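Me: I have a model open and want to go through it piece by piece. Can you take questions as I go?

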Amino acid sequence: MVAANWKMNTLPGGAGTLVEAYGAEMLCGHPELVVCPPFTHLATLGPSLGNAGCLGAQNCSEHLSGAYTSEISAAMLRDLGCRYVILGHSECRLRNPMESLRMPEKMAQAIANGLTPIYCCGEDLPIRESGAELEFIARQLADDLPNELKLNAQNLVVAYEPVWAIGTGKHASPEMAQQMHVFIRSRLMDVMGIEAERTRILYGGSVQGNNAAGFASQPDIDGVLVGGASLKPADFRSIFEAFARKGS
Ligand code: PGA
C-alpha cells in the first residue's frame with residue numbers, strides 16, 4: 001500500500017489535477033494507492049480515483065451521530081466512498097491531548113461503519129534517544145487497540161510513524177523501521193491475538209523518492225504513508241514505483 005496524506009493542503013478544485021498528475025499507472029491497484037485529502041475534497045475526489053484507487057479520510061469522530069459540532073462521523077465518510085481513515089496521527093495527538101484517549105472508540109466507530117483504520121503509532125525523539133521506543137510502542141498499541149475491538153488482518157492497517165521523522169527530512173533508517181515493524185507484528189499476534197502475518201504495516205516519516213527503495217527492500221515494510229512528497233507528483237511516482245517493484 002502506498003498512502004498519500006495530503007494533510008491541510010490543496011484546494012478542492014486542485015485535487016483532481018493532483019491525482020491526474022500522479023499518472024494512470026498509479027490507479028492500477030498494485031500496489032494499492034490510497035489518497036487521504038482534506039474532508040472538503042472527498043466528495044469530488046472519489047470519481048477521479050477510479051475503481052482501483054482508494055479514498056481515505058484523515059480522522060473521524062468517536063461518536064455515531066449527535067450534538068458534536070464540527071465533527072465528522074465514520075458513517076458520513078463511508079457514505080462519501082471512503083474505504084480508509086487515518087487514526088491517531090501524531091499531528092492530531094499533539095494538537096489535541098484528548099485524541100489518544102479517544103482512540104479505542106474511534107477505531108471501533110471506523111470498523112463498525114466499514115472503514116479500515118490506518119492506525120498511526122510512533123515515539124518522539126526523547127523516547128528514541130533514551131532507548132525506550134519498544135516499550136513505548138507496546139504501551140501505545142495496548143492503550144489504543146484493546147482486545148475487545150475484534151481487529152483482524154483485513155480491518156487494520158498500522159502505520160509506524162516516528163514523530164521525529166514526520167515532516168523533518170530525518171527519516172528512520174530502513175533497518176530501524178524493519179526492526180520496529182517486526183516488533184509491532186509480533187505484539188499484534190502474541191498479545192492481541194490478531195493473525196498479523198497479513199496485516200499491512202506501513203512506514204511513515206520523510207519518505208521521499210530517493211529513500212523509498214530502501215524501505216521497500218525490507219520484508220516487513222508493506223508500504224508507506226507519505227505526507228509532503230505526496231504533493232509532488234514526480235517524487236510520489238518514484239515512491240510508488242519502488243513499492244510496485246517490491247510486489248512484482
Ligand atoms: P511526511 O509526513 O512524509 O511529510 O514526513 C508523513 C505523515 O505525516 O504521515
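Me: Start with α1. Which of its residues are buried?

Reply: This is a predicted model, so read everything below with that in mind. In α1 the buried residues are A15, L18, V19 and Y22.

Me: How are the buried residues placed when you look down the axis of α1?

Reply: They fall within an arc of 95° around the axis of α1, so they line one face of the helix. On the other side of α1, G13, T17 and E20 are exposed.

Me: What follows α1?

Reply: G23 follows α1, and its phi is positive, near 105°.

Me: Which residues other than glycine have positive phi?

Reply: K7 is one of them, with phi near 55°. K7 sits in the loop between β1 (2–5) and α1. T10 is another non-glycine residue with a positive phi, about 70°, and T10 also lies in the loop between β1 and α1.

Me: Switching to charges. How many salt bridges are there in the whole structure?

Reply: A search of the whole structure gives 10.

Me: What does E32 pair with?

Reply: E32 makes a salt bridge with R200, at 2.6 Å from N to O. E32 is in the loop between α1 (12–22) and β2 (33–36), and R200 is in strand β7 (residues 200–204), so the pair ties together parts that are 168 residues apart in sequence.

Me: And how accessible are E32 and R200?

Reply: E32 is buried, at 17% relative accessible area. R200 counts as partly exposed, at 25% relative accessibility.

Me: What about E62, which residue is its salt-bridge partner?

Reply: R102, with the closest N and O atoms 3.0 Å apart. This pair also links distant parts of the chain, 40 residues apart: E62 is in the loop between β3 (54–57) and α3 (74–79), while R102 is in the loop between α4 and α5 (103–112).

Me: Next, R185. What does R185 meet in a salt bridge?

Reply: The side chain of R185 meets that of D222, 2.7 Å from N to O. R185 belongs to helix α8 (residues 174–190) and D222 to the loop between α9 (212–216) and β8 (223–226), so the pair links distant parts of the chain, 37 residues apart.

Me: Where do R185 and D222 fall on relative accessibility?

Reply: R185 counts as buried, at 7% relative accessibility. D222 is partly exposed, with a relative accessible area of 21%.

Me: Which residues are joined into a network by salt bridges that share partners?

Reply: E123, R128 and E133 are joined into one network that way.

Me: How much space lies in the second largest pocket?

Reply: About 320 Å³. Its lining has 19 residues, and the closest to the centre of this second largest pocket are R93, S100, G122, F136 and Q140.

Me: Which elements each supply at least two residues of that lining?

Reply: α4, β5 (116–121) and α7 (133–144). The largest share, four residues, comes from α7.

Me: And by class, what is in the lining of the second largest pocket?

Reply: Eight nonpolar, five polar and six charged residues.

How values were computed:
Residues numbered from 1 in each chain as written. Predicted model: local features only at pLDDT ≥ 70, side-chain atom pairs only at ≥ 80, totals over all residues. Heavy atoms only, no water. 1 Å grid on protein atoms, 1.4 Å probe; cavity = no way out; pocket = protein on both sides within 12 Å on 5 of 7 lines; lining within 4 Å. Points joined across faces, edges and corners; volume = space filled by probe spheres on them. Nonpolar A, V, L, I, M, F, W, Y, C, P; charged D, E, K, R; others polar. Salt bridge = Lys/Arg side-chain N within 4 Å of Asp/Glu carboxyl O. Buried < 20%, exposed > 50% of the residue type's maximum accessible area, 1.4 Å probe, protein only. Arc of directions from axis to C-beta.
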